[in-house]
Amino acid sequence: MQRSDETPRRPGQEASRRADASAEPDDKVEPAVSKTQRKHAMLALQDLGETLTGLKPDRLAALALPERLAEAIAIARKLTRHEARRRQMQFVGRLMRDIDPAPIEAQLANWAVVPNAEKARIADVERWRTRLLEETNALDPLCAQFPRADRPRLAALVARAAEERSRGSPPHAYRELFRELNLLLSTAA
């Protein structure tokens, strides 16, 4: 039912009005970001802040964070009560919105690569030690790959470690062989 003060409308008139309004050129229009996307971005910044609270103070200082953010992270480290820490982490997340997180994430990724390389090198040392104790001719490829290796010392350590294993005595030579191989592989890299 129509009211008396209302002008009659034709069908489709409202839709054409909306289309005309959206057809106006507006150079400053950014793509619409949904509320869910904004929330995910804020939670990601809060998670990054959580990661920052777990860093050692010297690494945190190396990131050169704004003073206010660094103070908020220092306070968050001291808090032990769940609700207080949660609110402080929300505040850290809020402060993170004012800075560019890309350099921080890049530095954190860089710091994560170094331990992975170290783990790979240690695993390589373990493989060589196992191979030396299980294969009789394994010392030849090791010395071929690492010409600076002290072949007589390594041969003596391998023999002592194998003897320790067979007797069931403490693994002193086994550990010493690991240290020698670790030194050899770390200087070769």
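The model is predicted. Its largest nonpolar core has 20 residues, and a second, separate core has 19 residues.

**Helix α5**
- Helix α5 runs over residues 82-96 and so contains 15 residues, given that helices are DSSP runs.
- From first C-alpha to last, α5 reaches 21 Å, close to the 21 Å expected at 1.5 Å a residue.
- The buried residues of α5 are Gln88, Met89, Val92, Gly93, Leu95 and Met96.
- Viewed down the axis of α5, these buried residues fall within an arc of 160°, so they line one face of the helix.
- The cover over the buried residues of α5 includes α2 (35-53), α4 (67-78) and α6 (101-134).

**Largest nonpolar core**
- Within the core of 20 residues, Leu132, Leu142, Leu154, Leu177 and Leu181 have the most contacts.
- Two or more residues of this core come from each of α6, α7 (139-145), α8 (151-167) and α9 (172-188).
- The element that gives the most to this core is α9, with six residues.
- Leu132 touches Ala138, Leu139, Leu142, Val158, Leu177 and Leu181, when residues up to four places away in sequence are not counted.

**Second core**
- The separate core of 19 residues includes Leu65, Ile73, Val92 and Ile99.
- Val92 is also among the buried residues of α5.

**Aromatic rings**
- Searching the whole structure gives zero aromatic pairs.
- The charged end of Arg129 sits over the ring of Tyr174, 3.7 Å from the centre of that ring.

Technical notes
Residues numbered from 1 in each chain as written. Predicted model: local features only at pLDDT ≥ 70, side-chain atom pairs only at ≥ 80, totals over all residues. Heavy atoms only, no water. Helix = DSSP H or I, 4+ residues; strand = E, 2+ residues; numbered from the N terminus. Expected span 1.5 Å × (residues − 1). Buried < 20%, exposed > 50% of the residue type's maximum accessible area, 1.4 Å probe, protein only. Arc of directions from axis to C-beta. Contact = heavy atoms within 4.5 Å. Phe/Tyr/Trp six-rings, centres within 6.5 Å; stacked < 30°, edge-to-face > 60°. Lys NZ or Arg CZ within 6 Å of the ring centre and 35° of its normal. Core = buried A, V, L, I, M, F, W, Y, C linked by side-chain atoms within 4.5 Å.
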